[in-house]
Amino acid sequence: MTDTNLSHVVSSAHLADSGFPEVSEFEFGLTLANHGFHRWMMRAIALAGHPDLSGLDVLVLHSTHHRGRPKTLADICLVLNIEDTHTVNYSVKKLRKAGLVAEGRQGKEKTVQTTEAGADVCARYRDIRNSLLLEALDELGIERDQVSRLSRILRLMAGQYDQAARAAATY
């Protein structure tokens, strides 16, 4: 490992030993953030009354509730950048069984929409998030424009990883 890599916090030095070690640092941060975010979602949804839901179930619930309009399975998968539609379909079934979403139809397509109970859970989750997460972030003094910039960079990096995945699939 070169001396320049010592300044980068990474989990895989062999990957950081390249011309762009900052990407390895980004990937390690992304890994930690991803696991922390999923742990957070599961704890918050448990506080909101649904300890049996997974992180993906929470994402599907919030995506379904977004803007109060019915969504197709394809809509949800597209927004969440999920290829495996069967995993989202399974989440929809769990949410329906829990009474948080209801299925409908839009022409020939099946749609899903939050129920009143689902909307209540989303509101409880939002309140828990405001109290336990957002207030703590405010106290840290993190500037909101920094968070917005980071969010844009994450979306751009997601596109790069998608492109690299397509390239790998053609090898």
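A residue is called buried when its relative accessible area is under 20%, exposed when that area is over 50%, and partly exposed in between, judged with a 1.4 Å probe and protein chains only. The model described here is predicted, with local features needing pLDDT of at least 70 and side-chain atom pairs counting only at pLDDT 80 or more, while totals for chains, interfaces and linings use all residues. Residues are numbered from 1 along each chain as its sequence is written, and side-chain values use heavy atoms, leaving out hydrogens and water.

To begin with the overall layout, the chain contains seven helices and three strands, taken as DSSP runs (H or I of at least four residues for helices, E of at least two for strands) and numbered from the N terminus. Read from the N terminus, the order of elements is α-α-α-β-α-α-β-β-α-α. The C-alpha atoms fill a box of roughly 60 × 45 × 30 Å along the principal axes. Of the 171 residues, 22% count as buried. Among contacts (heavy atoms within 4.5 Å) with a separation of 6 or more, 47% involve residues 24 or more positions apart.

The cysteines come next. A disulfide is a covalent bond between the sulfur atoms of two cysteines. With a disulfide taken as a pair of cysteine sulfur atoms within 2.5 Å, the count is zero. Cysteine 77 is in no disulfide, and the nearest cysteine sulfur, in cysteine 122, is 18 Å away. That distance of 18 Å is too far for a bond. Cysteine 77 counts as buried, at 5% relative accessibility, and cysteine 122 also counts as buried, at 5%.
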